[in-house]
Amino acid sequence: MKIPLKYRNKPAILVATGPSLTEEVVETIRPYKNDFIIFGCNDSYRLVDYLDFHYACDKAWWDLHAKPFREKYPDLEAYTQAEEYRDSEFNLNIVEGKHARSLSTDSSIIHWGSNSGYQLLNIAFLMGCSRFLLVGYNMQKIGGVRHFFGEHPDGLSKNSPYHKFLSAFDSIEEPIRNIVVNCTPDSALTTFRKGSLKEELENESSYLQ
């Protein structure tokens with residue numbers, strides 16, 4: 001399917017699942033949620049109750065989470081690359097992907113970048129968003145932990161080749177880099193300017209008024 005250009009010139013917050021994603025972060029964003037399109041990937045739905053969009057790539061993840069995800073978010077627009085879920089009762093949109101450098105500019109395909117956070121950015125970019133704040137993008141273990149919820153259960157990959165993740169982000173061209181701000185504390189991702197989440201939210205909200 002083609003990714004629709006439905007959020008042209010809208011600012012976005014992208015929520016990944018690194019250990020810095022906390023209740024405090026979720027509540028810091030909450031007062032500004034109507035000023036942004038909120039994109040979440042994978043288990044972020046467990047902590048964030050105001051997502052506008054969700055993405056999870058793998059069949060194994062959906063095998064475990066499809067039912068609780070739809071119980072919490074019965075109508076939320078959600079994408080996957082798992083062909084097995086095409087026309088399923090869980091109403092998931094199937095998007096194609098491939099290995100390639102930088103972000104895809106073709107609305108019929110996204111670039112993998114070896115991680116879901118990268119894929120989420122590509123989808124939000126293709127949907128027309130003009131500015132991106134990243135949270136939960138640690139791209140490294142913090143206190144020996146990979147995710148805000150700990151480790152994935154058995155049956156899901158527990159491998160996180162962070163060097164591949166970081167290399168993929170470094171392939172993004174400068175004009176796009178300049179509209180992305182990494183608001184993740186303790187992040188190994190240095191491709192983008194780092195900023196304070198509270199300050200970036202206030203600045204963007206003020207600009208929109």
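Guide: Let's begin with a word we need at once: a residue is buried when its relative accessible area is under 20%, exposed when over 50%, and partly exposed in between (1.4 Å probe, protein chains only). The model is predicted, so local features need pLDDT of at least 70 and side-chain atom pairs pLDDT 80 or more, while totals for chains, interfaces and linings use all residues. Residues are numbered from 1 along each chain as its sequence is written, and side-chain values use heavy atoms, without hydrogens and water.

Our spot is S20. Find β1 (11–15) and α1 (23–29); S20 sits in the loop between the two. (Helices, H or I, have at least four residues and strands, E, at least two; both are DSSP runs numbered from the N terminus.) S20 counts as buried because its relative accessibility is 14%. What does S20 touch, once neighbours within four places in sequence are left aside? Its contacts (heavy atoms within 4.5 Å) are V25, G136, N138, T184 and P185. With N138 there is also a polar contact of 2.9 Å, joining the two side chains. (A polar contact pairs N or O atoms within 3.5 Å; within protein, one must be able to donate a hydrogen and the other to accept it, and residues adjacent in sequence count only if both atoms are side-chain atoms.) Another pair to trace on the model is S20 and R146: they are 126 residues apart in sequence, but their C-alpha atoms are 9.6 Å apart in space.

Now let's move to α3 (116–126). This helix is largely enclosed by the rest of the structure, because 10 of its 11 residues are buried. Those buried residues are S116, G117, Y118, Q119, L120, L121, N122, I123, A124 and L126. At its start, a side-chain oxygen of N115 comes to within 3.2 Å of the backbone nitrogen of G117. After α3 comes G128, with a positive phi near 100°.

Let's return to Y55 for a moment. Leaving aside its neighbours within four places in sequence, Y55 is in contact with G40, C41, N42, Y79, T80, Q81, V95, I110, S116, Q119, L120 and I123. From α3, then, this list includes S116, Q119, L120 and I123.

Our last stop is E204, in helix α6 (residues 197–208). Is E204 buried or exposed? It is buried, with a relative accessible area of 8%. Not counting residues up to four places away in sequence, E204 touches P11, F36 and R131.
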